[in-house]
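These are my notebook entries on one chain. I recorded what I looked up, entry by entry.

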Amino acid sequence: MKIKDLRFTEKKWDFVKPFHIANNVSTSKVNIEVELVLSDGTVGLGESSSSFRVNGESEAAIFQLQKEILEMIKDLDVRDYRKVFAKLDAYSRTAPSLKAAIQFATLHAFSRSISTPVYQILGGMKDFVETDKTVSIGSLEETVHDAKEIFDAGHKVIKMKVGEDVKSDVARVLAVNDEIKGVRYVIDANTGYTTKEALRFIDAMYRNDVPVGIFEQPVPAEDFEGLKIIRQGSMYPVGADESAKTKYDVMRLIKEGAVDYVNIKLMKSGLSDALAIVEMCNSAGIGLMIGCMSESGIGVSQSVHFAAGTGAFTYHDLDSHLLLKDVDPVGFRQEKDRQYPILF
């Protein structure tokens with residue numbers, strides 16, 4: 001079960017509609033599909049969805065790392081996958097999404113070799129997870145329409161993007177809350193607010209009895225003090241996303257008492273740091289959410305298997321394949337909001 005080759009393929013995906021978050025709009029995404037080949041021909045799959053905004057990654061730059069990484073991991077045995085993980089930890093800051101893809105491809109090759117799904121290798125704590133679906137920033141009418149579609153499709157948690165204008169953000173969320181009953185909301189500002197704006201927004205949510213499960217990343221990634229102030233002044237749990245890239249970031253968030261939740265994304269941390277973050281947060285009593293960037297089917301599968309295997313997460317935001325055109329689930333079965341990991 002030794003690694004013999006590593007292949008990268010660029011794939012472009014278009015969004016069903018422009019995906020608008022605080023201060024950023026995307027219409028398409030180029031990802032890197034990874035194939036890790038063993039000596040017997042077994043192929044493990046993974047996907048990197050890089051983000052310059054979050055990680056400072058360039059897809060073109062990390063594509064050039066193929067030969068360098070292959071030299072580093074060639075002839076390692078996937079049964080000793082933590083040895084592979086340790087080698088790839090060198091890319092925690094420079095190419096975390098590629099680190100994630102190759103680490104998962106390692107487990108996937110091992111999975112195929114022993115005919116056991118990845119989620120069971122990781123512990124098999126759950127047979128399925130339940131994902132939310134995201135409403136991006138748009139007009140009030142678009143927001144309500146999209147949220148109703150998500151609710152009608154069977155999702156019990158709706159993620160709403162805010163962070164550009166407090167007044168219009170409040171109006172959009174309240175309009176959805178008036179139309180839809182029986183759901184919870186993850187409200188994600190994607191670093192868009194100041195501390196004062198975030199407190200104004202969350203006060204409006206509380207005064208109008210909006211069932212917010214997490215108020216996610218209200219302020220810039222480096223503003224740990226702002227997160228702490230908002231947490232102290234918020235009636236709802238406050239979560240970190242962009243502030244929580246590596247296990248060292250999360251250690252600092254815990255030590256400073258800055259958040260109630262951490263959003264793990266494999267594209268930020270890779271599987272090795274994600275495993276460490278799970279244990280740190282469990283020990284500290286910090287809640288966990290798992291999210292995605294702009295992965296297609298195989299990329300979302302990585303997180304579905306991780307989430308089901310560890311069973312560590314209260315909230316699952318694994319919907320990017322639903323926001324892209326012509327993407328089918330790979331490595332899991334989607335039934336309404338439920339995602340069932342499978343051997344593939």
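Predicted model: local features only at pLDDT ≥ 70, side-chain atom pairs only at ≥ 80, totals over all residues.

Residues are numbered from 1 along each chain as its sequence is written, and side-chain values use heavy atoms, with hydrogens and water left out.

**Entry 1. Salt bridges**

I counted a salt bridge where a side-chain nitrogen of Lys or Arg lies within 4 Å of a carboxyl oxygen of Asp or Glu. On that basis the structure holds 25 salt bridges. For secondary structure I used DSSP runs numbered from the N terminus, with helices (H or I) of at least four residues and strands (E) of at least two.

I looked up Glu35 and found it paired with Arg7, the closest N and O atoms being 3.2 Å apart. This pair joins distant parts of the chain, since Glu35 is in strand S2 and Arg7 in strand S1, 28 residues apart. Glu35 counts as partly exposed because its relative accessibility is 21%. Arg7 is also partly exposed, at 35%.

I then turned to Asp89, which forms a salt bridge with Lys99 at 3.0 Å between the closest N and O atoms. Asp89 lies in the loop between H4 and H5 and Lys99 in helix H5, so the bridge ties together parts ten residues apart in sequence. Asp89 is partly exposed at 27% relative accessibility, whereas Lys99 is buried at 1%.

The next pair I examined was Asp241 and Lys268, whose side chains meet at 2.8 Å, N to O. Asp241 sits in the loop between strand S9 (238-240) and helix H11 (247-255), and Lys268 in helix H12 (residues 266-284), so parts 27 residues apart in sequence are tied together. Asp241 is buried, with a relative accessible area of 1%, and Lys268 counts as buried at 1%.

I also recorded a network of salt bridges that links Lys159, Lys161, Asp188, Glu216 and Asp317.

**Entry 2. Two domains**

I took the domain bounds from an automatic or database domain assignment. The chain is divided into domain 1 (3-115) and domain 2 (121-341), and their C-alpha centres lie 23 Å apart. With contact meaning heavy atoms within 4.5 Å, 41 residues of domain 1 are in contact with 41 residues of domain 2.

How much area do domain 1 and domain 2 bury between them? I noted about 3400 Å², 61% of it on carbon and sulfur atoms; buried area here is the accessible area (1.4 Å probe) that two parts lose on being put together, summed over both. His20, Glu47 and Phe104 supply 18% of the area that domain 1 buries against domain 2, more than any other three residues.

Between the domains I recorded four salt bridges. Separately, I looked up Glu242 and Arg53, whose side chains meet in a salt bridge (3.0 Å, N to O). Which helix gives the most to the side of domain 1 that touches domain 2? It is H5, with eleven residues.

**Entry 3. Nonpolar cores**

I defined a nonpolar core as a set of buried Ala, Val, Leu, Ile, Met, Phe, Trp, Tyr and Cys residues joined through side-chain atoms within 4.5 Å. The largest has 103 residues, of which Leu36, Ile102, Phe201, Met205 and Val262 touch the most other members. Helix H5 (residues 96-114) gives the largest share of this core, nine residues. The core draws at least three residues from each of domain 1 and domain 2.

I followed Ile102: not counting residues up to four places away in sequence, it touches Leu6, Phe8, Val34, Leu36, Ile69, Ile73 and Leu88. A second, separate core of seven residues includes Trp13, Phe15, Leu323 and Val327.

**Entry 4. Two single residues**

Leaving aside neighbours within four places in sequence, Gln302 is in contact with Gly46, Glu47, Ala101, Phe104, Leu266 and Met267.

Asp152 lies in helix H7 (residues 140-152) and counts as exposed at 64% relative accessibility. Asp152 and Lys336 are 184 residues apart in sequence and 9.5 Å apart in space, C-alpha to C-alpha.

Notes
Buried < 20%, exposed > 50% of the residue type's maximum accessible area, 1.4 Å probe, protein only.
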